Amino acid sequence: MDATRALLSSWSFEPAVVIGLGAAAGFYLRGFAQLHHQLPGRFPAWRRTAFLGGLAAVAVALLSPLDGLSDLLLQAHMAQHWLLMGLAAPLLWLGAPVVPLLRGLPRAWLRRGLGPFLAWPALRRALRAITRPLPALAIWALVTLAWHWPAAYQAALRDPFWHQFEHACFLAAALLFWYPVIEPWPARRKTERPELLLYLAAAAVFNTVFSASFAFSDRVFYPLYALTPTPWSLSPLADQRAAGALMWVASVPPVLLAAVAVVVRLLGTTPRNRARGRRPLAAPRKTGNVLGRIAARTSSLGLRRAAQLALFALAAAIVLDGWFGPQHPSALNLAGVLPWTYWRGIAVIALLVAGNLVCAACPFTLTRSLAARLLGQPFAWPAALRNKWLPVVLFAIYLWAYETFALWDSPYWTAWIIVGYFSACFLVEGLFPRGTFCRHLCPIGQFQFINSGISPVEVRAQDAGVCSRCTTHDCLRGNADHPGCPTGLFLPTKAGNLDCTFCQDCVRACPHDNAGLAGLAAGVGLGNGRSRRAPARIDLAALSLLICFGAFANAGAMVQPVISAGENLATWLGTSAAGFIPGLVLLAAMTVLPALLAPTCAAAGRVLAGAHGRRPSTREIVARLSPALVPLGFSMWLAHFSFHLWTGLGTLAPASDRALTSLGLAAGRPFAATPPTGTLFPELELWLLGAGLVVSVAVGWRLARSLATGPGPALRLGLPWAALALVLYASGIWIVLQPMQMRGMVM
Amino acid sequence: MPPRLSLCARWKRWETWSGILAVFAGLAVSAPARGDLGVLVADGNAGPYRVSVLVAPVPVRAGPSQWSVLVQDAGGNPVDAVEVSLEWQPPDPHAGILRVATPGRHPFYRSSNVMLPKTATWRVGVRVRGDEGSGRLAFDIHVAPRLGTWRTYWPALLVPALALVLFLVHQFLKLREPRVPRSREPRVPRSREPRVPG
């Protein structure tokens, strides 16, 4: 075997390591760019090189073939540990990373997220204590010894989790060890320099004794290596001795270099260094808004129209295939694959990553202008229907029909639903103004609007001062060149993403160039309604609860125990009811259950909170706190649809091939049924549900604080809702761990 | 207003950011099997080759496992130009699983992830095809019962609990923070929503 080829093909791209290193590099470079401009003396370019070098050393240790070789050879494993402890750690500290990393973080994360922890006196005291030389040296030595204990070491060799934890411990211990030596700015000088020589000498003695025990022992410390076949004729004892020698030799240069640096500093040429700190500060440099630049590109009407046209063409293909293509198996029909497997999965992922892009590219609204011109929009939508009650009913019907009539398995009816959707949109948009279909009818739109409350971006005004001086309000009314907001949102008072289709008409219409995409913390937009300072709406609460409970009911309806229970119930009731039982149970689970549980939680919270200060009504609590469950519901939708997308990912090729063959555009080839491989699920689903629970609790706490007079009453007010979220989370865990019906697959 | 960038410069920035994102997304998605090697479960000859099979985690349980194979020639040198396929056969003859092992994290080894669905004594076959010929090594392995849900997925269940504790500490610390008096800077007047028909 070509050894070079074998080594080059053995790079592993562990997602956690790759993403962690990428994020660290990104935040550091962002912060460093500003600091280098402001304090060039304190942050010269070599510090950036050192930090990136440290990250590169971590990458080589954890991602390169060295990581794979470490399971085969002890000496490779020791080289890996040396890279982490002897090279990466000092290089990272030489990059003076504390301030650049903090400056590189988004300001809201730093102030609201990390701020309280950074200012926590107990944490600061603990950090001060362990970064003193004696504790640092002791912890470093203990961690090194503990992980080289045969039982611990071999456990790490056997289990990837403990292996990664071992590496994390080594890197943390090494960072602790090197901290007193390098004392990266802005650390205050705590150590008298001569003492550092003793510190380094102690470390060198420890290294010598430790390495010598490996190099001169006649006993194999780690018998697991003897059981692993290797392509080299190297005995485990020889490998162990080589590892000891490597540790011995490799540990000397970093310590020696550090000692030389300490001595040089003691002999010190400090006046120049001191002068550096007195340079006047340069003005901070603006880094520019990345989201703004993205907005400038995505707000292009041409791009949006192109996406809409592409989806329109796809919809046409789905309709034609649904009508005229084979009905069984449905996964061989485009109408059975694209809407139910692909579109839903991609839509929820896009929602999480970039906001309501599905609405921006919605093909149903492509003919909106044509409809308005042909039909003239002569009517006003009835005032009684200008809320979300009709969408609540339509969304419930949609989920019920999906399960009762197995729409995912019926290409014919899927095609008719799409045609009906286009017709309804054309008619409603032609007869009524201001995005009536999107705001008051479209169930898909409501799903997107409610769930986009947790998306990381929103369209908003950049400067409130500019808006307050604006007299034309083109973002809402439009002008001669560009239409205003199609759903009637006014940017200066708009809150979150409710009713926002991300069409960015407002961005194009604003004559002051004051609108665009902006970052948003997850869940901040929830519970606000369409505009700030608006009262909480019970119709929005009902929609939020329906979408949340619908997520669990919809996913639960496809797991085996629920299907069996439905069949047993149908048998007990009589065969005539068999087809309707699952749909009715689903309907009850997503409507009756929340209608009972939400007021119960609100009433319980009201009683618990007591009569301190203003006491909100049960209705107000339901209206205000229900949106807190949206993140949990969204995580269930995401887990559910991602599962379908993953398991059905291979179905597009045979379905497209079949459709092209029927048109005579492809030769037609037999397809192979490809069952899903890999171990991504259900673990990913559990992670998603966990994240949803955490965000739900955080949003619930924020909303409860806004209702109650103090933290105590807010806690008691929110407790029943937290319990409800926990119950939903537990039911989600149960659902994802059950055997699931494989829908939309060719198996 | 910031100076406008030339189209070329804007494209380059856009392209750079997209490229970085795409690389990270690609790396995250294309992550190969990450299990450690585990322990040797079979070692023998398959035609002209010597084949060693390792599996992790040990003991093998129903659920996901990673299988690694080292193929050597008679002289003990690792052989590259071979196709290695693994087949797991439970007592039920219709439920066999077949996988082709590919180069993974460990140099010279080929590996494959598999989800063994049930507890049984499985017959494992390793087929090696290369220039020097082909051969098969077969052996039996007992697959122990699956670990309980909590023991299998404890990190995914523990981390949300830890995150909630961290959130509680965060909020507790925020509540202890002294209140900062409001800024005396003049406030921007609020915009009033204009009335639009419809």
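So, A:V264: this residue sits in helix α14 of chain A, which covers residues 236-267. By helix I mean a DSSP run of H or I with at least four residues, and a strand is a run of E with at least two, both numbered from the N terminus. Mind you, this is a predicted model, so local features need pLDDT of at least 70 and side-chain atom pairs count only at 80 or more, while totals for chains, interfaces and linings use all residues. Residues are numbered from 1 along each chain as its sequence is written, with chains lettered from A and ligands numbered from 1 in the order in which they are written.

Is A:V264 buried or exposed? It's exposed, because 10 other C-beta atoms lie within 10 Å. The cut-offs there: 12 or fewer is exposed, 20 or more is buried, in between is partly exposed, with C-beta atoms placed from the backbone.

Now take A:Y421. From A:V264 it's 157 residues along the sequence, and 77 Å away in space, C-alpha to C-alpha.

Okay, chain A as a whole. We have 35 helices and two strands, and the C-alpha trace spans about 90 × 65 × 60 Å along its principal axes. Of its 747 residues, 44% are buried. Contacts next, meaning C-beta atoms, placed from the backbone, within 7 Å. Looking at chain A contacts between residues at least 6 apart in sequence, 82% link residues at least 24 apart.

And chain B? There we get two helices and eight strands, running α-β-β-β-β-β-β-β-β-α along the sequence. Buried residues are 25% of its 198. With contacts counted at least 6 apart, 55% join residues at least 24 apart.

Key. Contact = placed C-beta atoms within 7 Å.
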